[in-house]
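Q: I would like to learn how to read the helices of a model like this one. Please show it to me, and then I will ask.

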Amino acid sequence: MKPITGAQIRAARGLIRWTAQDLAQAAVVGISTVRRAEAEDTAPTITAANLNAIRSALENAGIEFIPENGSGAGVRFAKPSHG
């Protein structure tokens, strides 16, 4: 799993129209942790456990993280699974 960036976290939160407080509650982390994670455009300087919690909360809300592929990292809505 490729690491995500603060810019991706900000973009993902915007895409699903969550406040920083919404994300903090969904990830069960403090709002200051969310703000620290979003402060940098590069890899956040928070613990791996907190970053994984934030990532999981956003993925559970329907976000897919797109790794750097020459065009830049990004986010999008995940394709619904038909199963």
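Q: What covers the buried residues of α2?
A: Two terms come before the case: helices (H or I, at least four residues) and strands (E, at least two) are DSSP runs, numbered from the N terminus, and contact means heavy atoms within 4.5 Å. Here the cover of the buried residues of α2 includes α1, α3 and α4. This is a predicted model, in which local features need pLDDT of at least 70 and side-chain atom pairs count only at pLDDT 80 or more, while totals for chains, interfaces and linings use all residues. Residues are numbered from 1 along each chain as its sequence is written, and side-chain values use heavy atoms, with hydrogens and water left out.

Q: Which residues of α2 are buried?
A: Buried means under 20% relative accessible area, exposed over 50%, and partly exposed in between (1.4 Å probe, protein chains only). In α2 the buried residues are A20, L23, A24 and A27. They fall within an arc of 100° when seen down the axis of α2, so they line one face of the helix; the arc is that of the directions from the helix axis to the C-beta atoms. The general idea is that an α-helix has 3.6 residues a turn, so residues three or four places apart point the same way. Just after α2, V28 has a positive phi of about 55°.

Q: Which residues are buried in helix α1?
A: In α1 (residues 6-15) they are G6, Q8, I9, A12 and R13. Down the axis of α1 these buried residues fall within an arc of 160°, so they too line one face of the helix. They pack against α2, α3 (31-39), α4 (48-60), β1 (63-66) and β2. After α1 comes R17, with a positive phi near 60°.

Q: Is R13 buried or exposed, and what is R13 in contact with?
A: R13 of helix α1 counts as buried, because its relative accessibility is 16%. Leaving aside neighbours within four places in sequence, R13 is in contact with W18, T19, A20, L23, E38 and L58.

Q: Where is A7, and what does A7 touch?
A: A7 is also in helix α1, but A7 is partly exposed, with a relative accessible area of 27%. Residues up to four places away in sequence not counted, A7 touches E40 and D41.

Q: At roughly what angle do the axes of α2 and α3 cross?
A: Axes are lines fitted to C-alpha atoms, for helices over the stretch in contact, and angles run from 0 to 180 degrees between N-to-C directions. The axes of α2 and α3 come within 8 Å and cross at roughly 110°. The two helices are therefore roughly perpendicular to each other (under 35 degrees counts as roughly parallel, over 145 as roughly antiparallel, 65 to 115 as roughly perpendicular and the rest as oblique). A20, Q21, L23 and A24 of α2 make the contact with I31, V34, R35 and E38 of α3.

Q: Which residues of α2 and α4 meet?
A: L23, A26 and A27 in α2 meet A53, I54, A57 and L58 in α4. The axes of α2 and α4 come within 8 Å and cross at roughly 105°.
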